[in-house]
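Here are my notes on the model you sent, as numbered points. Please read them with the structure open beside you.

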Amino acid sequence: MHVVMVSSEVAPYSKSGGMGDVVGALSAALVKAGVAVTTVSPRYGSVDDEGLVDTDVVVRARLGTTEQEATLRERVVDGVRHLFVEHGIFADRQGLYGDQNGSFGDNHLRFALLQRAALEAARNLVDDPAPVFHLHDWQAAGLPAYLDHFYRPLGFFRDSPTVLTLHNPMHQGRLPHRFFDDLDLPAHWFSPAGFEWYGDLGLLKCGILHADQLTTVSPGFAWEITRPEGGFGLDALFRGRFADLTGILNGIDTEVWDPTDDPHLPAPFSADDLAGKRLCKSALQDELGLVRDPEAPLMGSVGRLDPQKGTELLLESIPWILDQGAQVAVLGSAAAAHRRFEAELRGLAARFPGRLSVTVGFSEGLAHRIEAGADLFAMPSLFEPCGLNQLYSQRYGTLPIVRRTGGLADSVEEGRTGYTFDAPTGYAFRGAVHRALAQHGTPAQAAIRDRAMRLEVGWSTVVGRYVEVFERAIEARRAG
Ligand code: ADP
């Protein structure tokens with residue numbers, strides 16, 4: 001089996017959130033399990049040139065009104081062949097999908113180029129004539145249309161199945177109808193059986209209909225998206241494909257997130273020896289200008305500042321949490337539309353010096369140090385397909401306080417491996433925080449911490465479930 005991963009993010013080369021982590025780690029885990037993997041992703045300006053080797057593949061595609069040429073460069077790491085699409089449309093931009101002015105207006109063209117390049121890569125550089133195309137989110141979801149239009153009529157990839165993984169179906173690549181003309185596809189693809197979605201162009205929608213198999217990143221979320229209240233308007237489509245939809249809880253990269261051997265930390269620690277965690281806490285308090293107090297409960301938060309993540313609930317609750325004698329450390333950044341969260345958090349930090357620290361930006365190192373140095377971790381998400389930070393937190397002995405939704409509900413158990421709440425309100429969140437703080441320093445909480453740190457969260461146990469889905473997709477394709 002050869003899997004071609006088509007993704008707008010592959011960690012460590014590009015990452016804006018969980019999808020990049022998942023594609024990077026899943027690829028490596030598949031290779032370890034004996035599956036050949038080629039990833040295809042854009043070479044953004046931020047992707048280092050070092051170690052990249054030219055291939056002789058030139059990708060030609062009509063984008064909008066012009067013919068464009070891209071090249072492919074490659075790098076093999078841990079047996080995974082990473083291909084990068086080189087074109088100014090990726091390299092000459094600050095940001096993956098947008099900048100301080102909002103989303104780029106040509107994202108549909110940029111990711112059409114990614115999909116065309118992935119198909120050319122598979123045709124020219126992959127030995128297997130029938131690789132599995134594993135597509136990630138709307139940026140790759142149109143590939144079945146290109147496969148059907150440009151390749152299958154010529155005899156290529158007849159037995160190649162497509163598997164679409166939904167990391168966050170809130171983002172659907174839904175654009176005005178006229179953008180369809182830029183995609184270089186015949187008009188019949190703009191129909192209810194193709195890209196048409198209530199008169200608009202629906203890039204993700206097309207993939208949901210046409211991929212041979214669908215997966216999403218937790219069993220709970222797989223069910224939620226089939227309900228009107230959780231399906232982002234796509235619930236009827238998900239219900240229609242429920243037999244082909246599998247929820248697979250993400251694993252984490254246990255080498256990158258390993259408290260016994262983490263280059264970002266001042267001291268290592270483990271479930272058997274927590275002395276290093278205490279050092280991490282005091283070092284974090286120093287680093288962030290918090291009062292150095294080993295007894296004060298320290299709550300961390302890392303992630304996008306976004307309504308999805310429950311940032312409103314956190315904001316409204318911080319003064320109360322501080323009032324309970326706890327400290328709070330926030331690391332995050334907001335997209336242009338939600339910049340106000342950054343300003344509001346900074347405003348709060350100015351009111352509570354030494355007790356609240358707010359770092360606006362993206363810092364892998366600080367994310368690790370918060371996971372290690374904090375006692376508790378806040379994830380009051382309104383919805384959460386999987387969520388990774390709660391898994392990192394558990395492994396680092398930092399008990400997650402999560403809303404019981406999607407993958408958070410699948411990975412955190414109240415009073416056993418963290419704390420949970422149901423209602424999407426600050427009041428309910430503070431109730432869970434209250435339970436966590438009431439147990440601070442007690443043997444009961446030590447037992448929860450110990451259990452959380454020993455959970456099996458690596459990719460090696462998850463990878464077999466993806467292989468099963470790939471096999472189902474191959475069979476479905478063969479059966480025609
Ligand atoms: P999502 O993909 O919805 O943003 P996830 O919890 O699945 O959320 O994954 C987010 C990933 O991005 C995690 O690895 C998290 O640590 C990382 N991350 C998010 N924001 C930041 C930040 N400001 N600094 C460092 N890492 C971040």
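1. Helices H9 (residues 311-323) and H10 (residues 339-351) pack against each other at an angle of about 10 degrees, and their axes are 11 Å apart. H9 is therefore roughly parallel to H10. Keep in mind throughout that this is a predicted model.

2. Which residues make this contact? From H9 come Thr-311, Glu-312, Leu-315, Ile-318 and Pro-319. From H10 come Arg-340, Phe-341, Glu-344, Leu-345 and Leu-348. Sorted by class, the contact of H9 with H10 has six nonpolar residues, one polar residue and three charged residues.

3. Helix H1 (residues 18-32) packs with helix H16 (residues 463-479) at an angle of about 80 degrees, with the axes 10 Å apart. H1 is therefore roughly perpendicular to H16, because angles of 65 to 115 degrees are counted that way.

4. On the H1 side, this contact uses Leu-26, Ala-29 and Leu-30. On the H16 side, the residues are Val-463, Tyr-466, Val-467 and Phe-470. The contact of H1 with H16 consists of seven nonpolar residues, with no polar and no charged ones.

5. Next, the ligand. It is surrounded by 18 residues, and the closest are Gly-18, Asp-21, Arg-304, Lys-309 and Gly-361. By class, the shell around the ligand has six nonpolar, eight polar and four charged residues.

6. Asp-21 has a polar side-chain atom 2.8 Å from an oxygen atom of the ligand. In Ser-363, a polar backbone atom is 3.0 Å from a nitrogen atom of the ligand. For Leu-388, a backbone N or O atom lies 3.0 Å from an oxygen atom of the ligand.

7. How much of the ligand's accessible area does the protein cover? On its own the ligand has 560 Å² of accessible area, and the protein covers 93% of that. The elements giving two or more residues to the shell around the ligand are H1, strand E15 (298-304), strand E16 (327-333) and helix H12 (389-395). E15 gives the most, with three residues.

8. Two backbone details in loops deserve a look. The peptide bond from Ala-11 to Pro-12 is cis, with omega near 5 degrees. Pro-12 is in the loop between strand E1 (2-6) and H1.

9. The other detail concerns Asp-137. Is its phi positive or negative? Asp-137 has a positive phi, about 60 degrees, although it is not a glycine. Asp-137 sits in the loop between strand E8 (132-136) and helix H4 (143-151).

Definitions and conventions:
Residues are numbered from 1 along each chain as its sequence is written. This is a predicted model: local features need pLDDT of at least 70, side-chain atom pairs count only at pLDDT 80 or more; totals for chains, interfaces and linings use all residues. Side-chain values use heavy atoms; hydrogens and water are left out. Axes are lines fitted to C-alpha atoms, for helices over the stretch in contact, and angles run from 0 to 180 degrees between N-to-C directions. Helices (H or I, at least four residues) and strands (E, at least two) are DSSP runs, numbered from the N terminus. Angles under 35 degrees count as roughly parallel, over 145 as roughly antiparallel, 65 to 115 as roughly perpendicular and the rest as oblique. Contact means heavy atoms within 4.5 Å. Ala, Val, Leu, Ile, Met, Phe, Trp, Tyr, Cys and Pro count as nonpolar, Asp, Glu, Lys and Arg as charged, and the others, Gly among them, as polar. A residue is near a molecule or strand if one of its heavy atoms lies within 4 Å of it. A polar contact is a pair of N or O atoms within 3.5 Å; within protein, one must be able to donate a hydrogen and the other to accept it, and residues adjacent in sequence count only if both atoms are side-chain atoms. Accessible areas come from the Shrake-Rupley method with a 1.4 Å probe; for residues, only the protein chains shown count as cover.
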